[in-house]
Amino acid sequence: FALPRGQNLGNRGGFQRNIVTEYVLPSALERDALYLEGLWESTAEYLRAHEAGSALFLDFQAHAVNVVADVLHEPVEVEVTINGKPLVYEQKGDDVIMKDGKSFMIIDEPRLYNVVRGAYGNYQLRLEIMNKDATIHAFTFG
């Protein structure tokens with residue numbers, strides 16, 4: 001699994017390689033760290049969500065974020081928020097859908113997904129996997 005710009009997993013104990021682990025989100029998140037919440041498997045190639053509601057948090061400083069992702073079986077809906085709120089139109093990446101006050105994307109094939117495109121700044125991105133078996137391979141920033 002490729003973390004951006006040398007970032008590391010901020011959860012206590014770090015990555016637990018090749019086993020399904022219940023990650024607990026700490027009460028305070030540090031900048032420039034990736035955090036997991038819920039059941040995840042970490043391999044050398046990807047992070048795999050093992051239950052609906054598992055989430056990934058990433059504090060980033062940029063104007064755009066892309067994620068390389070795939071699914072193991074059926075398409076997966078991923079809710080996308082910035083700083084705890086749905087994206088606004090000026091922030092949404094090309095692959096984000098905005099409907100009924102929510103911002104989300106559908107991961108349905110292996111590729112790079114454009115999640116955020118907006119004003120340069122420091123933000124906290126949350127990706128909540130709405131059904132299991134999504135795989136997250138890497139992030140890119142711009």
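How many bridges join strand S8 to S9, and in which sense do the two strands run? I opened the predicted model at residues 97-99, which form S8. I found three bridges to S9, with the strands running antiparallel.

**Entry on the hairpin.** I then followed the chain from S8 into S9 and noted a hairpin with two residues between the strands. In the turn, I recorded for Asp100 a positive phi of about 50°. Within the pairing, I located Ile97 opposite Phe104 of S9.

**Entry on the other partner of S9.** I next looked up S6, residues 76-82, which pairs with S9, residues 102-107. I noted four bridges here, in the antiparallel sense.

**Entry on the core.** I turned to the largest nonpolar core, which has 34 residues. I listed those that touch the most other members: Trp40, Leu56, Met105, Val115, Leu125, Leu127 and Phe139. Strands that each supply at least two residues of this core include S6, S9, S10 (111-129) and S11 (134-141). I noted that S5 gives the largest share, eight residues. For Leu125, I set aside residues up to four places away in sequence and found that Leu125 touches, among others, Leu56, Phe60, Val80, Ile82 and Val115.

**Entry on Thr21.** I placed Thr21 in strand S2, residues 20-23. Leaving aside neighbours within four places in sequence, I found Thr21 in contact with Gln16, Gly38, Leu39 and Trp40.

Note on methods: Residues numbered from 1 in each chain as written. Predicted model: local features only at pLDDT ≥ 70, side-chain atom pairs only at ≥ 80, totals over all residues. Heavy atoms only, no water. Pairing = 2+ DSSP bridges. Contact = heavy atoms within 4.5 Å. Core = buried A, V, L, I, M, F, W, Y, C linked by side-chain atoms within 4.5 Å. Buried < 20%, exposed > 50% of the residue type's maximum accessible area, 1.4 Å probe, protein only.
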